[in-house]
Amino acid sequence: MKKIICILLALVMLSSFAACGKGKENSTVNGVSVSSDEKDTKKTVKVSFPLSYLSEEESADLDAYCKSYGFKSAKVNSDGTVTIKMSPLSRDLLLTKVSSQSIKEIYSAAESGKYPYVRKIKSCDTENFFEVSLLVNKEKFVSAETALEMKLMVAQSCLTYQTYAGIENPKVKITIIDNKTKKTIEEKEYTNDDIK
């Protein structure tokens, strides 16, 4: 059921991106930089991110990597990043993949044994990942050593998606709610500066 919901959400998002944006876009978060220029007759979008985001196999053969995803080209930069040139459609497909991964990471936090205090995801804005609410066992949450790690993981997933989407000034509000009382324990807005 979750897979079907994720696929449907991804399709809705893909259709909304097709209608978005004109002019020049630039955005950077978590080491991922996106720029595009609609005036470019080739309609090219450039996405730059750390080479370490790719698997060893992908980074060893960038031409094969580009061919497998339908990208135009890839170039390793002197600062250890890689810049991928792609069509707007390829970018939209990449956004769908990143969206699915972000949803999977957020929901796996609730289902994994790593964060046992997370009871469930109460809500998640899967259109732009601006807001996530988590229901937790308050007693376990406030004493957990992994609480900050979990919040940063959720924030990073959301912020990475927003960067690929070209959203300026990416941010996400994470609300932690007591599962028993339904009262807010904490609410914080995260930006790229919080993730560094």
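Two strands count as paired here if DSSP finds at least two bridges between them. With that in hand, let's look at this predicted model: it holds an open sheet of 4 strands in the order 6-7-8-9, with mixed pairing. Strand 6 (118–124) and strand 9 (184–190) form the edges, each pairing on one side only. On average, neighbouring strands of this sheet are turned by 20 degrees against each other, direction ignored.

Further in, strand 7 (residues 131–136) and strand 8 (residues 172–178) run parallel and are joined by 6 bridges. If you want a spot to look at, Glu 131 stands opposite Lys 173 in strand 8.

## Helices across the sheet

Helix 4 (residues 88–111) lies across strand 6 and strand 7, at about 150 degrees to strand 6. Helix 6 (residues 147–164) lies across strand 6, strand 7, strand 8 and strand 9, and runs at about 145 degrees to strand 8.

Now turn to helix 3 (residues 62–69), where Leu 62, Tyr 65 and Cys 66 are buried. These residues sit on the same side of the helix because they cover an arc of only 95 degrees around its axis. Their cover includes strand 3 (45–50), helix 2 (56–60), strand 4 (73–76) and strand 5 (81–86). On the other side, Asp 63, Lys 67 and Ser 68 are exposed. Just after the helix, Gly 70 takes a positive phi of about 75 degrees.

## A closer look at Leu 62

Leu 62 counts as buried because its relative accessible area is 13%, and the cut-off is under 20%. Leaving out residues up to four places away in sequence, Leu 62 touches Leu 54, Ala 74, Val 76 and Val 82. Its C-alpha atom is separated by 8.0 Å from that of Ser 73, 11 residues apart along the chain.

Note on methods:
Residues numbered from 1 in each chain as written. Predicted model: local features only at pLDDT ≥ 70, side-chain atom pairs only at ≥ 80, totals over all residues. Heavy atoms only, no water. Buried < 20%, exposed > 50% of the residue type's maximum accessible area, 1.4 Å probe, protein only. Helix = DSSP H or I, 4+ residues; strand = E, 2+ residues; numbered from the N terminus. Arc of directions from axis to C-beta. Contact = heavy atoms within 4.5 Å. Axes fitted to C-alpha atoms, helices over the stretch in contact; angles between N-to-C directions.
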